Amino acid sequence: MTGGLPSCWDRTPVRVFDIAPSVNWVEDLDYFIIAGCAVLKPDATNGFAWGSEILKKITNFKGLAGYHGSAPADNDKDSSGNYIPNSRGPAVRIAERFTVLMTTEQPNDYGTAHRLLNSWLQANKEHSSLAIVYNATHYWMVQETFIRGVYCVYGPNAWPIER
Amino acid sequence: MKRWRLFHLVVTMVAMPIGTFVGMQFAYQSVGQNTFRKIDGLPSGYRLWLVTTYENHLFVIEGGQVDPKRWEPQLPLPLLFRAFRVDPVMERVVEEIKTKHIFAQSILAEREQRRDSWLAQDYEYWLFDDKTNAAFAVKPTRWQETARAQRYSHVEVIDLSTRQVKKIIGLLPEASFGTFALHPNKAKLYISVWGQDIGGLLWIYSTTTLERIKTIELRSDHTIKDIHFSKDGRYFFGSLGARGIAIIDTEEDKLMGWINPPEDRLYTVSIALSSDDREIYVGLGFALKKGGIAAIDVEKRQIVRTLELSPTGCISVAKVGEKLFAACLDGVYVIDISQWRGQ
């Protein structure tokens, strides 16, 4: 996985440099969620590239959220293992939970200083998904612990620093 | 309940000299009248309990404490664990120990003189293949440094005669380790891995040539982390935890079934099989809460019963005889399987 591809499944070779958000994004954005596989993996060609382009260059941009590993699927599988179109897969459930944490229920405070980033971390941690968030100076990741199936939020880690 | 326990202790003591097998089978019948009970003698509070069994030995491991206000594990998690040996017949703690291991097989090897005791120093988990006189073993690459996910860079194939590594099956950077298991006929080794670009995969190796003979794509962001085979070896049951359970036909090595978690919560990772291979048991929870156990009908590929055990999540299960042990955050529960199935 290189170049911050928006999706690791279709392997379309679009990189952050092709999108050039600091030039092309004229909307008044505070946060951006890229829910594609490993797009925000914390290294120079993925997460840090997106972070440098967005968080360092766009004024008032507050945070970036996505995944540092495989992203959850939109759909569930049937009993034969095939995807069911328009079903409530893990990505949909995460989005629903994220919405609740953004509106009616207060998320846990992981020290990001942003409700949106905390909500993204918690919603994904609860669904065992490898989320990552960045603010202007640090990043936080959901990782599985040595207890299989138990996930924690680790951070803050300063960026950009190669792991 | 105490009278029942005393009765079974006496029965067990009488039955054991006649034959261990008969004695143990008899002893694993119901201790009390309730379908489930709680193990005596474990510390209170909310903890990341794990249950692990090997050869009818049962250990309960404390993987750290949980903050009940936030429902988050308290970091850092320990590197050395407090563990409890539990008598599965009497359903109570008989010994408290400290260990760096989280598998019963490894704890026993560490503490007793066994044929695999020499592996316990360096390896976390291993499988014996008596057919080729080899062991397949993994060691965490960062055992001493972090209590995050135990990462393994490779599987070592060890010649048991010389105790020398004869081959290394590399994982990183291509993929990271999920778990592994030998087919009951010892002809194939199944290694589940997680590739960052492609998600869960199952690699299948010939134990004779030690070459990879097939790869099954799981088409999931998770990989298999617990494996059980049906007694005849025909079916492979692989738990992907939150994403479900995969059933694989081992004759063709083909994905043939999938069982999703219920709507209101998720499966946890470890699974157990009923003695007749007709049911799979798995822990339930969501955000370390809403704990229970689900019984899945293998043929129907769906949940047929749930047992609500605890307001806290149940993060692992293990089976000894006809008892199912379920570790939830508030303690370890014992379920009489036959009684539960009969309800």
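Two residues are taken to be in contact here if their C-beta atoms, placed from the backbone, lie within 7 Å. With that in hand, welcome to a short tour of this predicted model. There are two stops: a pair of packed helices in chain A and an open sheet of four strands in chain B.

**The helix pair in chain A**

- Helix α4(A), residues 90-103, packs against helix α5(A), residues 115-126, with the axes 9 Å apart and at an angle of about 140°.
- Because angles over 145 degrees count as roughly antiparallel and 65 to 115 as roughly perpendicular, α4(A) and α5(A) are oblique to each other.
- The crossing of α4(A) past α5(A) is right-handed.
- On the α4(A) side, the contact involves Ile94(A), Arg97(A), Phe98(A), Leu101(A) and Met102(A).
- Their counterparts in α5(A) are Arg115(A), Leu116(A), Ser119(A), Trp120(A), Gln122(A), Ala123(A), Asn124(A) and Glu126(A).
- Sorted by class, this contact between α4(A) and α5(A) holds seven nonpolar, three polar and three charged residues.

**The sheet in chain B**

- The strand order is β7-β8-β9-β10 in chain B, and the pairing is antiparallel.
- At the edges stand β7 (125-129) and β10 (164-170) of chain B; each has a single partner strand, so one side of each is left without a neighbour in the sheet.
- On average, neighbouring strands of this sheet are turned by 20° against each other, direction ignored.

**A look at β8 and β9**

- Strands β8 (residues 134-138) and β9 (residues 154-159) of chain B run antiparallel and are joined by four bridges.

How values were computed: Residues numbered from 1 in each chain as written. Chains lettered and ligands numbered in written order. Predicted model: local features only at pLDDT ≥ 70, side-chain atom pairs only at ≥ 80, totals over all residues. Pairing = 2+ DSSP bridges. Axes fitted to C-alpha atoms, helices over the stretch in contact; angles between N-to-C directions. Parallel < 35°, antiparallel > 145°, perpendicular 65-115°, else oblique. Left-handed = near helix turned anticlockwise from the far one by under 90°. Nonpolar A, V, L, I, M, F, W, Y, C, P; charged D, E, K, R; others polar.
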